[in-house]
Amino acid sequence: MTTLPLSSTPAAPAPPGRGAASGTARRSRLKPWAPWAAAGGSLVLAFLVTLVAGTPSFASVVALAAVFYLVGLTAWSRIVEGPRWATDRLATTLVTFAFGLALVPLISLLWTVVSKGSKVFSLTFLNTNMVGVFGDMTEGGVYHAIIGTVLITAAAAAISVPIGILTAIYLVEYGRGPMARGITFLVDVMTGIPSIVAGLFAFSLFTLIFGPAYRAGIMGAVALSLLMTPVVIRSVEEMLRLVPNELREAAYALGVPKWLTIIKVVLRTAIAGIVTGVMLAVARVIGETAPLLLTVGIITKVNWDLFDGLMTTLPVYAYNQYSQGGAGVDRAWAAALTLILIVMVLNLIARLVSKFFSPKAAR
């Protein structure tokens with residue numbers, strides 16, 4: 001029997017970071033406070049530069065500081081951490097700046113609406129209507145407009161949501177061939193329809209049936225449903241396509257019919273996305289003005305009947321008050337603030353619905 005020499009015994013592995021392969025030393029990293037220090041230094045440097053160049057403004061200081069921060073932090077990271085980490089920090093900074101730029105119009109809009117709408121926004125403003133308010137009087141409120149907005153939007157949702165969900169189910173679960181392609185094409189066309197065209201369609205339809213003098217909230221609901229339906233179809237369709245096919249196949253293997261699989265498995269799995277899509281469609285139409293000016297007009301009191309008489313909605317109320325000037329401008333901004341709050345409440349309700357009815361809540 002031949003024995004191996006002692007020199008052939010495998011050597012123990014060297015500790016990490018030692019030995020011949022340790023020629024490439026591990027680079028150091030920037031401290032956690034480094035980005036904040038770079039941001040502070042960039043702001044100071046930008047302020048000094050704009051001060052020397054002329055009168056500094058907030059926008060010029062922030063823009064110049066962003067450039068200094070981008071260049072300075074990237075160069076600092078390249079010196080200390082190397083080119084790979086510098087590239088990573090550069091990409092992270094650019095994405096952060098893009099996010100900040102996207103927030104600028106949103107924050108500006110919210111600040112404008114809140115600052116101007118809070119002048120007359122109160123519980124009295126929400127509980128009164130415009131009966132007996134003339135000229136430049138400071139009284140009056142949006143109670144009748146809130147009722148009209150809720151009724152018309154709810155009626156539009158009652159029309160478009162079932163149609164949208166059923167159409168999406170057909171396109172995902174059953175639709176094949178020319179008919180499905182035709183429906184998809186028509187949905188794409190409806191997505192780009194101007195709101196005034198939807199209002200003209202509803203106005204013409206009800207004029208042909210009931211005569212030219214007919215005005216009712218249902219006319220506005222039909223006009224809004226034309227704008228809301230394609231959004232519901234598209235959003236629900238995408239949510240249904242995200243449901244794994246394995247869930248469907250498992251239900252079919254247990255002998256569950258296809259219609260019951262769609263109700264119990266597919267829709268239940270996608271309920272959170274479906275509710276979110278419906279709320280996006282509601283937010284899309286709740287602020288429309290042009291079709292409602294044609295169909296439901298404006299009135300100074302509450303009208304609870306969707307099928308008879310003029311109604312007032314918050315967008316039309318804001319437009320009418322702003323066009324009057326004077327105290328009406330403050331009421332218009334307060335109406336816009338009320339509309340934003342209603343949309344926020346509806347989104348909170350949608351979050352709660354998706355939380356309690358999603359599959360995770362049942363575990």
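How many residues line the largest pocket, and which lie nearest its centre? The lining has 19 residues, with Ala66, Tyr69, Thr93, Thr96 and Phe97 nearest the centre. This is a predicted model, in which local features need pLDDT of at least 70, side-chain atom pairs count only at pLDDT 80 or more, and totals for chains, interfaces and linings use all residues. Residues are numbered from 1 along each chain as its sequence is written, and side-chain values use heavy atoms, with hydrogens and water left out.

**The largest pocket**
- A pocket here is an open set of points on a 1 Å grid over the protein atoms alone, where a 1.4 Å probe fits, with protein on both sides within 12 Å along at least five of seven lines; lining residues have an atom within 4 Å of a point.
- Its volume (the space filled by probe spheres set on the points) is about 580 Å³.
- Helices (DSSP runs of H or I, at least four residues, numbered from the N terminus) H1 (34-53), H2 (58-80) and H3 (83-117) each supply at least two lining residues.
- H3 gives the most, with 9 residues.

**The second largest pocket**
- This pocket has a volume of about 210 Å³.
- Of its 13 lining residues, Val150, Thr153, Ala154, Val282 and Leu346 are the closest to its centre.
- H5, H11 (271-285) and H14 (327-357) each give two or more residues to the lining, and the largest share, 6 residues, comes from H5.

**H5 meets H13**
- Contact (heavy atoms within 4.5 Å) between the two helices involves His144, Ala145, Ile146 and Thr149 of H5 and Leu314, Pro315 and Tyr317 of H13.
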